Amino acid sequence: MILDGRGKYYSKGIITIDPDGTILAIQDTHGILKESEEVEFFSGMLVPGFVNAHCHIELSHLQHTFTEGAGFVPFLKQVVDHRVSDPDKVIQAAEKADWLMYKNGIVAVGDIANGTTAFEAKKHSKIVYYTFVEALGFSPERAVKAFEWTQNCINIAESNGLSASIVPHSPYAVSGSLFRAIAAEALRTGSILSLHSQESNSEDDLYHSGTGEMVTHLQDNLGIDTSFFMPTGESAIQSTLEYLPLGNNLLLVHNLNTKQADIDYIACVRDLGNTWFVLCPGSNLYIQNRLPDIALLRKNGLQICLGTDSLASNHQLSILEEMKIVQDAFPEVTIHELTQWASWNGANALKMGEWAGSIEVGKRPGINLLSGVDLVSNKLLPGTKVKRLC
Ligand SMILES: [Zn+2]
């Protein structure tokens, strides 16, 4: 079976491909396939190359370093403690992660950068990367310096031939003044925006009441004087979304704590057509042993993408494994939807829909073979494997 990534499927269809991977034709045989010398047969499902909408390839050297299930704020503390690493080690691990993602059928990645070290691995890759350079600075005094630093990273990315934009890390790591500087730049460049959003209760507690674990983290682990901060009485996303320009594509990443009131708010202040909700279920289980309310996101008809997050908080960088986690926890999600989340939605969020994300004539999306699938119920099985065909 061929799943085109946009909800259409062909039973025993035939895809004609140019040697460079461009799709020349798709033939719907209506399930009646005649033997032909030039046709190669594959048993399983053919799906478009995967798009990993959220990764931090620069953290790949931290695989097996952090305790599983420690909780979100302790995880942040561990990341801070391991920020400084040997650049050679970072590059080597990033190159290995890049190769594994390629092997796992990933053709494009929305990749977070908090430094420039991993650019070396990305510039030689067969994968197409869009780099989100994150600005960090919860204290308003940091805004000018933090923004200048990200501009420098963008210059380095561009000199390495990488597409990149400046984005806010999260509501708990960016001040109002830094949000405004990022927004002005995004408005000027029309760039793609990403925001770690509602990854835990603690960022909502911070904005609701100015209390909780996040406040302790900011004060004790990062040494920030938070006395300037005024709680808003609303959730973190409801308190900060208005900073971000309406016309730019926006990827909201994690959405673990997202409630109906948040979705109503987001729908009220921006166009859901250029807003994507990126899920990183493997990472959410690794850090907090819980998953987002995917049923709620589906019920609201939101555009969902899949991401792996980093090897610091996941066992592998595989979109297929993320699909399996979602299917196990939410069996009502069909293989057609999962495939769309894994390819088409991510490609559009990253503005790569012209060539990636769907099996359509004229595109070069990469073709993955999923084998070991239950073809009667159209379900992935624990042993389902992905093989990149082109
Ligand atoms: Zn992340």
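Author: In a regular strand the side chains alternate between the two faces of the sheet. Here T275, F277 and L279 point one way from β12, W276 and V278 point the other way, and all are buried. Buried means under 20% relative accessible area, exposed over 50%, and partly exposed in between (1.4 Å probe, protein chains only). Strands (E, at least two residues) and helices (H or I, at least four) are DSSP runs numbered from the N terminus.

This is a predicted model, in which local features need pLDDT of at least 70, side-chain atom pairs count only at pLDDT 80 or more, and totals for chains, interfaces and linings use all residues. Residues are numbered from 1 along each chain as its sequence is written, and side-chain values use heavy atoms, with hydrogens and water left out.

Reader: Which strands pair with β12, and in what sense?

Author: Strands of a sheet pair through backbone hydrogen bonds, either parallel or antiparallel. Two strands count as paired if DSSP finds at least two bridges between them. Strand β11 (residues 250–254) runs parallel to β12 and is joined to it by four bridges, with V253 opposite V278. The chain passes from β11 through helix α9 (residues 260–269) to β12 in a right-handed β-α-β crossover; that is, with the strands pointing away from the viewer, the path from the first strand over the helix to the second runs clockwise. β12 also pairs in the parallel sense with β13 (residues 303–306) over four bridges, where L306 is the bridge partner of L279.

Reader: What is the order of the strands in the open sheet?

Author: The order is β10-β11-β12-β13, with parallel pairing. β10 (193–197) and β13 are the edge strands, each pairing on one side only.

Reader: Which residues coordinate the zinc ion?

Author: H54 (NE2), H56 (NE2), H196 (NE2) and D309 (OD) do so, at 2.1 to 2.8 Å. Donors are N, O and S atoms within 2.8 Å of the metal (3.2 Å for Na, K and Ca); water is not among the atoms, so sites may look incomplete. H56 lies in the loop between β6 (50–55) and α1 (72–81) and H196 in strand β10, so this pair ties together parts 140 residues apart in sequence. Both H56 and H196 are buried.
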